[in-house]
Amino acid sequence: MIIANFKSNVINFDKWVDDFENSCSPVDFYVGIAPPSIYITKYSSPRLAIGAQDVDHSSGSRTGAISIEMLDEVGVEFVIIGHSERREFFHEDNDLIRKKIQALDKSKISTTILCIGETKEENKMGATKDVLKNQLSVIDGFELGKNFTIAYEPVWAIGSGQTPEPKDINEIHKYIKDVVQSVSENNHVPDVVYGGSVTDKNAESFFKEEFVDGALVGGASLNGTTFANIVNIWRENII
Ligand code: PGA
């Protein structure tokens, strides 16, 4: 699975699709884009699943919020939740993220991508696994759908050009799979994708690792050619 997270960036989507289509060989795996929600109906391409960068867990008198039903109605196939920028700038905590999982679980949207990751300080303190385990406590007791996916995104790697060593990512992904399997009601073993400064230069080093099931790409996805290159690299390295 390779996902583009456009975040709150405005791009020329016609050019993006041209660049992507000109460089991307056929795909037989999950490739998606998560544009800003206001562009979800405008950005479409037959080869790309369309997703949202976040969702509200409820509806009605909730000014400014976008509900799951609304996303479903416009054809959204996947939703990203718990991104570290949501946690940091919008103060989302485990309680709120758990509510989103609960609401998505009951909905028709087939794929949820839960982002987790430690800060630089937590990493330096050797607390990464404890932090991830705490963030994963939001799924405690849920029967997770088969497409419930985790994105491991170290906060310090996002947009910084720094990344963990591929072997360390692999070890953490294995750990995440084990934790999710043990805490979910149905012993679900999720796909775990890596996010944080993935480019077409470093993607192969991550994709060669056994427990890396794809990537969530921010900055490098804003260019259709670069994103296509990453998709092509995934195709060549699918284990
Ligand atoms: P980045 O962002 O690729 O720009 O580091 C990844 C993300 O935040 O999902």
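Modeller: Happy to! Two strands count as paired here if DSSP finds at least two bridges between them. In this predicted model, eight strands close into a barrel through parallel pairing, in the order E1-E2-E3-E4-E5-E6-E7-E8. From one strand to the next, the twist averages 25°. For an example of the pairing, look at strand E7 (residues 192–195) and strand E8 (residues 215–217), which run parallel and are joined by two bridges. There, Tyr194 stands opposite Ala215 in E8. Helix H7 (residues 166–183) packs on the sheet, where it touches strand E5 (111–116), strand E6 (149–152) and E7. The direction of H7 makes about 140° with that of E7. Another helix, H9 (residues 224–237), lies across strand E1 (2–5), strand E2 (31–34) and E8, and runs at about 160° to E1.

Now to the ligand itself. It is surrounded by 13 residues, and the closest are Lys7, His83, Glu153, Gly159 and Ser197. This shell divides into four nonpolar, seven polar and two charged residues. From Lys7, a polar side-chain atom lies 2.7 Å from an oxygen atom of the ligand. With Ser197, the backbone takes part: one of its polar backbone atoms is 2.7 Å from a ligand oxygen. Gly218 also has a backbone N or O atom 2.8 Å from an oxygen atom of the ligand. As for cover, the ligand on its own has 280 Å² of accessible area, and the protein covers 95% of it.

Conventions: Residues numbered from 1 in each chain as written. Predicted model: local features only at pLDDT ≥ 70, side-chain atom pairs only at ≥ 80, totals over all residues. Heavy atoms only, no water. Helix = DSSP H or I, 4+ residues; strand = E, 2+ residues; numbered from the N terminus. Axes fitted to C-alpha atoms, helices over the stretch in contact; angles between N-to-C directions. Contact = heavy atoms within 4.5 Å. Near = heavy atom within 4 Å. Polar contact = N/O pair within 3.5 Å; in protein donor to acceptor, adjacent residues only side chain to side chain. Areas by Shrake-Rupley, 256 points an atom, 1.4 Å probe, with all protein chains shown as cover. Nonpolar A, V, L, I, M, F, W, Y, C, P; charged D, E, K, R; others polar.
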